Amino acid sequence: MQIPGRVYSDEGIEYKYDIAARDVGYEADDEAATFTLDLAQAYPPEAQIDSWVRTVVLDRGEGVSITDRYALKAVTGDVAMNVLTACAVEDLGNGVLLLKE
């Protein structure tokens, strides 16, 4: 589970450590804007996440794509990805979802 702030508590265990994205980057030009960050620190150490890099690309006039690439130190359980949207969703397969108006 992702940590919702500076202190995370689950089953009586309290985690206090630096919670912040790492390796944050941004580039933009007339055609696109790209934002990247490593989200691994948003999860407790027990999640065994080595890196979780999210890339958001705005292709001006075309749309937005979000790509998550992660590496685990160990598999500790099922990995679930959640997407919240008001759009209709079409599953294109291979982890690709198309959001429709």
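Reader: How many aromatic pairs are there by the ring-centre rule?
Author: The count comes to two aromatic pairs, with ring centres required to lie within 6.5 Å. Keep in mind that this is a predicted model.

Reader: Take Tyr43 and Trp52. What is the angle between their planes, and what does that make the pair?
Author: The planes of Tyr43 and Trp52 sit at 20°, and the ring centres are 5.7 Å apart. Planes under 30 degrees apart count as stacked, so the Tyr43 and Trp52 pair is stacked.

Reader: Is Tyr43 buried or exposed?
Author: Tyr43 counts as buried, because its relative accessibility is 18% and the limit for buried is under 20%.

Reader: And Trp52, buried or exposed?
Author: Trp52 is buried, with a relative accessible area of 7%.

Reader: Which other ring does Trp52 stack on?
Author: Trp52 also pairs with Tyr70. Their centres are 4.7 Å apart and their planes are at 20°, so that pair is stacked as well.

Reader: Where do Trp52 and Tyr70 sit in the strands?
Author: Trp52 is in strand β5, residues 49-59, and Tyr70 is in strand β6, residues 63-72. The pair therefore ties together parts that are 18 residues apart in sequence.

Reader: How exposed is Tyr70?
Author: Tyr70 is partly exposed, at a relative accessible area of 41%. Tyr43, Trp52 and Tyr70 form one aromatic cluster.

Reader: How many residues lie between β5 and β6?
Author: Three residues, and the two strands form a hairpin. Gly61, in the turn, has a positive phi of about 80°.

Reader: How many bridges join β4 to β5?
Author: Seven bridges join β4 (residues 32-38) to β5, and the two run antiparallel. As one example from this sheet, Ala32 stands opposite Asp59 in β5.

Reader: Now the core. Which residues make up the largest nonpolar core?
Author: There are eight: Leu37, Leu39, Ala40, Ala42, Tyr43, Ala47, Ile49 and Trp52. In soluble globular proteins, nonpolar side chains tend to be buried together.

Reader: What does Leu37 touch?
Author: Leaving out residues up to four places away in sequence, Leu37 touches Ala21, Arg22, Asp23, Val24, Trp52, Val53 and Arg54.

Reader: Zoom out. How many helices and strands are in the protein chain?
Author: The protein chain has zero helices and eight strands. Along the sequence the pattern reads β-β-β-β-β-β-β-β.

Reader: What share of the residues is buried?
Author: Buried residues make up 17% of the 101 residues in the protein chain.

Reader: And how much accessible surface does the protein chain have?
Author: About 7,900 Å², with 49% of that belonging to carbon and sulfur atoms.

Reader: Last one. Of contacts between residues at least 6 apart, what share joins residues at least 24 apart?
Author: In the protein chain, 26% of those contacts do.

How values were computed: Residues are numbered from 1 along each chain as its sequence is written. This is a predicted model: local features need pLDDT of at least 70, side-chain atom pairs count only at pLDDT 80 or more; totals for chains, interfaces and linings use all residues. Side-chain values use heavy atoms; hydrogens and water are left out. Rings of Phe, Tyr and Trp (its six-membered ring) pair if their centres lie within 6.5 Å; planes under 30 degrees apart count as stacked, over 60 as edge-to-face and the rest as tilted. Buried means under 20% relative accessible area, exposed over 50%, partly exposed in between (1.4 Å probe, protein chains only). Helices (H or I, at least four residues) and strands (E, at least two) are DSSP runs, numbered from the N terminus. Two strands pair if DSSP finds at least two bridges between them. A nonpolar core is a set of buried Ala, Val, Leu, Ile, Met, Phe, Trp, Tyr and Cys residues joined through side-chain atoms within 4.5 Å. Contact means heavy atoms within 4.5 Å. Accessible areas come from the Shrake-Rupley method with a 1.4 Å probe; for residues, only the protein chains shown count as cover.
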